[in-house]
Amino acid sequence: QTHFIFHSLQAKMSRPVQARRLEGIDKNIWVEFVKLAATYSKVNLGQGFPDFPAPDFLREALMRALSGGNHMLHQYTRAFGHPPLVKVLAQFFEKLLGRDLDPMTNVMVTVGAYQALFCCFQALVDEGDEVIIIEPFFDCYEPMVKMAGGTPVFVPLRPNPPKDGKLMSSADWQLDPAELASKFSERTKAIVLNSPNNPLGKVFSRGELGLIAELCVKHDVLCISDEVYEWLVYDGKQHIRIASLQGMWERTVIIGSAGKTFSATGWKVGWVVGPDRLLQHLRTVHQNSVYHCATIAQEAVAQGFQRELMLYGKPESYFVQLPKELQQKRDWLVQSLDGVGMKPIIPEGTYFLVADISPFKSDVPDVPNSEEPYDSRFAKWMVKNKGLAAIPLSAFYSEAHKNNYTNFIRFCFAKEEATLKAASDILQKWKQEKTSS
C-alpha cells in the first residue's frame, strides 16, 4: 500500500509544473543586484529610486485622503481609473498632445508603469508577432514580449564618440536609419520606444522620432511609448511625444508613471494614454489580472496633477523644479566620476548616467571564457569590496549582444547630496589606492 502511494506521488511530481511561456525568463537582474546591495552596499546608486522625500504637497494630499471625511476612498473605485485621476490626466495630456481626450476611453490607470507595459504586450502581441526593441533597453521589455508569445527583434543605438576629447553625451548614441528600417517586416507588430531612455538618459530628437514614425506608418506598426521620465529632461532639451507626430496618435500607447513624476516610486500608480481602439484591449487584460489600483494613492496623485495643472509652466511647478534639482545632481556626479577617471556619458534626461569603467579594470581580474559579462563581474566585485552599488550596462542588452558593451556601468543620481558625496568619497579613495600601489 505504502509503495503504491509513494509510486503515484513520484509519477505525479515528474510532470513539468512550469508554464512553457516562462521558459528562459526566470532570471532577473534586479532580484540579484537588490539583494547584493542590501547585503554589502554602504552607498546604493544601483536601483532607480530617489532617497529624497516626495514633495510636501503630495504627502499632504495623501494625508488628507486618509484622514478626510470621504470614507469611500478606502473602498473600490472605478476599475480602469479613479474618476478624478483619469479626468485630470486627460486635461493634462490634451495640453501636451494638442487634442481632445475622453477620460473614460483614452486613459487607463495601472499598478505602476510596469503593469501598463504588461497590459500592452498581453493585449497587442500575438504568437509569432515580432516586436522591435532598441538596445540598450529597460530589461523587462524582452521577457514581457516573450511571455506574450512574441519574438523580440533588437536594434542597437551605436555610440559615435566626439573627436575633440570631450565627454560623450547620450545624444552621441544613435540609430542607424538603414539598420532600423531593415528590422521592419510584415511580421512586425510593434516597436517599443523609451524616451528619455533608461539606462543611457538619451532623449530622442524630433528627427529620430520622425524616422521611427515614418516606418511605423509605412508598415502599419504600433508604438509602445514608455515615457516615464517625460519631465526629467536637462540642459533645456525638449521631450517630444511621438504620439503628436503625424499618423502616430492612432497607433501609439503612451505610458507614464506617478512614481517618476512625483518622486514616489513605491506608490505604484501608472497610466496609459491612447486611442480607444487600442486601450479597449488593454482594459480587457487589466480587468482579468489586476482589475483595480489603490484608490487612496490615485486620489492623492489626482490632487498632485490638479496642482501641477494650475502651475503649468510656472517656476514654482514641481515639473519645472525637479529637473533643475536633478540636473545639479547629475553635474555633480559627472564631475566626480570624471575626476577619478571613470568616464561618464552625460545623460540628457532620466535618473541615470552610464560611465566607462576601463581605467578601473585592472583591479577586477578577468575570467577567460566566462559566461558572465565583464561589467557584471565588475559591479559585483565593486559592491562587495568597495560598498558601492551600480548596475552593469550588459543587463540592458539581449543575450546575443550582452558581450558587446561590457565596459560600462549605470549609476542613479536621483539621490540626496550626502549619498552622492559618499559615493564620490569611495571612488576618490579607490583612485588614491590605485595610484599609490
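**Domains and their contact**

The protein chain is divided into domain 1 (21–54 + 318–436) and domain 2 (56–311), with bounds from an automatic or database domain assignment. The model is predicted: local features need pLDDT of at least 70, side-chain atom pairs count only at pLDDT 80 or more, and totals for chains, interfaces and linings use all residues. Residues are numbered from 1 along each chain as its sequence is written, and side-chain values use heavy atoms, leaving out hydrogens and water.

Interface

- The C-alpha centres of domain 1 and domain 2 lie 25 Å apart.
- Domain 1 gives 42 residues to the contact and domain 2 gives 50 residues (contact: heavy atoms within 4.5 Å).
- About 3,900 Å² is buried between domain 1 and domain 2, with 62% from carbon and sulfur atoms (accessible area, 1.4 Å probe, that two parts lose on being put together, summed over both).
- Ala-54, Phe-319 and Glu-348 of domain 1 lose the most area to domain 2, together 23% of what that side buries.

Salt bridges

- Two salt bridges are counted between domain 1 and domain 2 (a side-chain nitrogen of Lys or Arg within 4 Å of a carboxyl oxygen of Asp or Glu).
- Arg-330 and Asp-235 form a salt bridge through their side chains, at 2.8 Å, N to O.

Helix α3

- Phe-57, Leu-58, Ala-61 and Ala-65 are buried in α3 (under 20% relative accessible area, 1.4 Å probe, protein chains only; helices are DSSP runs of H or I, at least four residues, numbered from the N terminus).
- These residues lie on the same side of α3 because they cover an arc of only 100 degrees around the axis, taken from the directions from the helix axis to the C-beta atoms.
- Met-63 and Ser-67, on the other side of α3, are exposed (over 50%).
- The buried residues of α3 pack against α11 (295–310) and α12 (318–340).

Technical notes:
Helices (H or I, at least four residues) and strands (E, at least two) are DSSP runs, numbered from the N terminus.
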